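Trainee: Could you take me through one part of this model closely, namely its charged side-chain pairs, and then show how they sit relative to the nonpolar parts?

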Amino acid sequence: MLADALEHLVRGVVDHPDEVRITQRAGNRGETLEIRVHPEDLGRVIGRSGRTAQALRTVISALASGERVRVDIVDTDAPEAG
């Protein structure tokens, strides 16, 4: 449910809504939702001074109703760590 809500919000912000991917992972610190978007849309999802990203995190935290949820924006252009 949270992943669907996040995907809906992100699709409304970006220019390439068909390339929005939300990956959901459970960990020992709670659930993690990773946002992957088209490289041109990365700045739109982050926003000026991170305001859009913070607003997305705030909305998802409110919807989580007490559960621990982390929202990460993944830069698909960055080399993978490993």
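Mentor: A salt bridge here is a side-chain nitrogen of Lys or Arg within 4 Å of a carboxyl oxygen of Asp or Glu. The model is a predicted one, and a search of the whole structure finds five salt bridges. One of them joins the side chains of Asp15 and Arg44, with an N to O distance of 3.2 Å, which means that the pair falls within the 4 Å limit. This pair links distant parts of the chain, since Asp15 lies in the loop between α1 and β1 (21-27) whereas Arg44 belongs to helix α2, 29 residues apart. Arg44 is partly exposed, its relative accessible area being 41%.

Glu7 forms a salt bridge with Arg11, and the closest N and O atoms are 2.7 Å apart. Both Glu7 and Arg11 lie in helix α1, four residues apart, or about one turn of the helix. Glu7 counts as partly exposed because its relative accessibility is 23%, and Arg11 is likewise partly exposed, with a relative accessible area of 29%.

Glu34, which is found in strand β2 (residues 30-36), meets Arg36 in a salt bridge between their side chains, at 3.0 Å from N to O. Glu34 is buried because its relative accessible area is 12%, and buried means under 20%. Arg36, in turn, is partly exposed, with a relative accessible area of 28%. The side chain of Glu34 is also joined to that of Arg25 by a polar contact of 2.7 Å, and Arg25, Glu34 and Arg36 are linked in a network of salt bridges.

In soluble globular proteins, nonpolar side chains tend to be buried together.

Not counting residues up to four places away in sequence, Leu33 touches Leu2, Ala3, Leu6, Ile22, Thr23, Gln24, Ile60, Val69, Arg70, Val71 and Asp72. Leu2 is found in helix α1 and is buried, with a relative accessible area of 8%. Under the same exclusion of residues up to four places away in sequence, Leu2 touches Glu31, Leu33, Ile60, Leu63, Ala64 and Val69. Leu2 and Glu67 are 65 residues apart in sequence, while their C-alpha atoms are 11 Å apart in space.

Nonpolar side chains occur at the surface as well. Met1, Leu9, Val59 and Leu63 make a nonpolar surface patch of about 350 Å². Met1, in the segment before α1, counts as exposed because its relative accessibility is 67%. Val59 has its place in helix α3 (residues 51-63) and counts as partly exposed, at 37% relative accessibility. Leu63, one of the residues making this patch, is also among the residues that the buried Leu2 touches.

Two distances relate helix α3 to other parts of the chain. The C-alpha atoms of Val59 and Arg36, which are 23 residues apart along the chain, are separated by 18 Å; Arg36 is the partner of Glu34 in the salt bridge described above. Ser61 also has its place in helix α3, where it counts as partly exposed at 42% relative accessibility, and its C-alpha atom is separated by 9.1 Å from that of Val71, ten residues apart along the chain.

Technical notes
Residues numbered from 1 in each chain as written. Predicted model: local features only at pLDDT ≥ 70, side-chain atom pairs only at ≥ 80, totals over all residues. Heavy atoms only, no water. Buried < 20%, exposed > 50% of the residue type's maximum accessible area, 1.4 Å probe, protein only. Polar contact = N/O pair within 3.5 Å; in protein donor to acceptor, adjacent residues only side chain to side chain. Contact = heavy atoms within 4.5 Å. Patch = residues over 30% accessible without salt bridge, like charges linked within 9 Å, V, L, I, M, F, W, Y side chains within 5 Å. Areas by Shrake-Rupley, 256 points an atom, 1.4 Å probe, with all protein chains shown as cover.
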